[in-house]
Amino acid sequence: MRIALWTVTRGAGNNGKEYAQKLIQKLEDTEIDVFTLKKFGVEGTIQIDDFTKEITEKFNKYEGHIFIMASGIVIRKISTLLKSKDIDPAVLLIDEGKHFVVSLLSGHLGGANELTQEVAEILNLIPIITTSSDITGKIAVDSISQKLNSELDNLKSAKEVTSLIVDGKKVNILLPTNVGFAKDNNVNSDGLILISNRKKIEITRICPKNIILGIGCKKDTKVEDILDAIENSLNKHNLDIKAVKHIATVDVKENEVGLLKAAKFLELELKVISREEIKKVEHLFEGSDFVEENIGVRAVSEPVALLSSSQKGKFIEMKSKHNGITVSIYEEANIDL
């Protein structure tokens, strides 16, 4: 997780530098940039001239922000930068007196509540969390989504179902058998039978990001053709594009313009797998003499999908062909709360 830690006074700047060192030691896979005002000359930090300008430019470039300053300053500075709870970064606030750490924004989907608890423990501060589901000891729908590394289908319905939970109403979690509390390898369900005597039932959907697309294509394949191939492959198996975790391809295609544009359009990471890695598993798949003659391996879409995954799951589609484009669909299993 990339975190920006912001201060606007000399004392807070020194505290921020100290805090960052402690947090980096304890928080796994976390990078922290400490921003201080240049006029205070705090060594080992990123020294800036204009706090307003910098936070405006960098707000959406970090997954989380920690401010050591008054809440009023923070609220005024970030109010115009906020978009939606499903995309805004986590925002935490620490008082200069070193007493409290407050989860200010994106408590559930942004992970601010969980981060607040971790920061409080590491820095010996008192955590302040005000979301109703948390203070009542109940779980919110967006918390479930965040724990599943999934995407909410509808924020409005998620809010309505969460309000039922907070209000003490009975809400069932209906999970596909490969997404649940127990570890198993069963497949996703395509239908759902809901038995209830309630006339009105609030339902919301969480879409797990556990689909990986392995793609091979000819040189100079158009982005439109790649997008069509992806859409057709997903539609064939009733899969939502929101469920796609990333796209994968072979190293010789890492600069293929059509692939890069397709990944950018879909806002998905394009993972590149080396031919050396593919050679270790290519015997598991149907190969092609033509492909081997041209790039040195016998298969592309299936092995890159497998190798870029957790390798705990199964293929929904081994390989489908679309006018010079091959698409393989791998479904990761064991997504647990």
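In the predicted model, the crossing of helices H8 and H9 is right-handed. Helix H8 covers residues 223-236 and helix H9 residues 257-266; the two pack at an angle of about 55°, and their axes lie 8 Å apart. H8 is therefore oblique to H9. On the H8 side, the contact involves Val223, Ile226, Leu227 and Ile230. These residues meet Gly258, Leu259, Lys261, Ala262, Phe265 and Leu266 of H9.

In the loop between H9 and strand S12 (270-273) lies glutamate 267. Its phi is near 55°, a positive value in a residue other than glycine. With a relative accessible area of 74%, glutamate 267 is exposed, the threshold for this class being over 50%.

Helix H1 comprises 17 residues (residues 10-26), which at 1.5 Å a residue should span 24 Å; the end C-alpha atoms are 25 Å apart, in agreement with that expectation. Ala12, Gly13, Asn15, Gly16, Tyr19, Ala20 and Leu23 are the buried residues of H1. Viewed down the axis of H1, these residues fall within an arc of 160°, so they line one face of the helix.

Aspartate 29 is located in the loop between H1 and S2. Its relative accessibility is 70%, and aspartate 29 therefore counts as exposed.

Technical notes
Residues are numbered from 1 along each chain as its sequence is written. This is a predicted model: local features need pLDDT of at least 70, side-chain atom pairs count only at pLDDT 80 or more; totals for chains, interfaces and linings use all residues. Side-chain values use heavy atoms; hydrogens and water are left out. Helices (H or I, at least four residues) and strands (E, at least two) are DSSP runs, numbered from the N terminus. The expected span of a helix is 1.5 Å times one less than its number of residues. Buried means under 20% relative accessible area, exposed over 50%, partly exposed in between (1.4 Å probe, protein chains only). The arc is that of the directions from the helix axis to the C-beta atoms. Axes are lines fitted to C-alpha atoms, for helices over the stretch in contact, and angles run from 0 to 180 degrees between N-to-C directions. Angles under 35 degrees count as roughly parallel, over 145 as roughly antiparallel, 65 to 115 as roughly perpendicular and the rest as oblique. A crossing is left-handed if the near helix is turned anticlockwise from the far one by less than a right angle, and right-handed if clockwise. Contact means heavy atoms within 4.5 Å.
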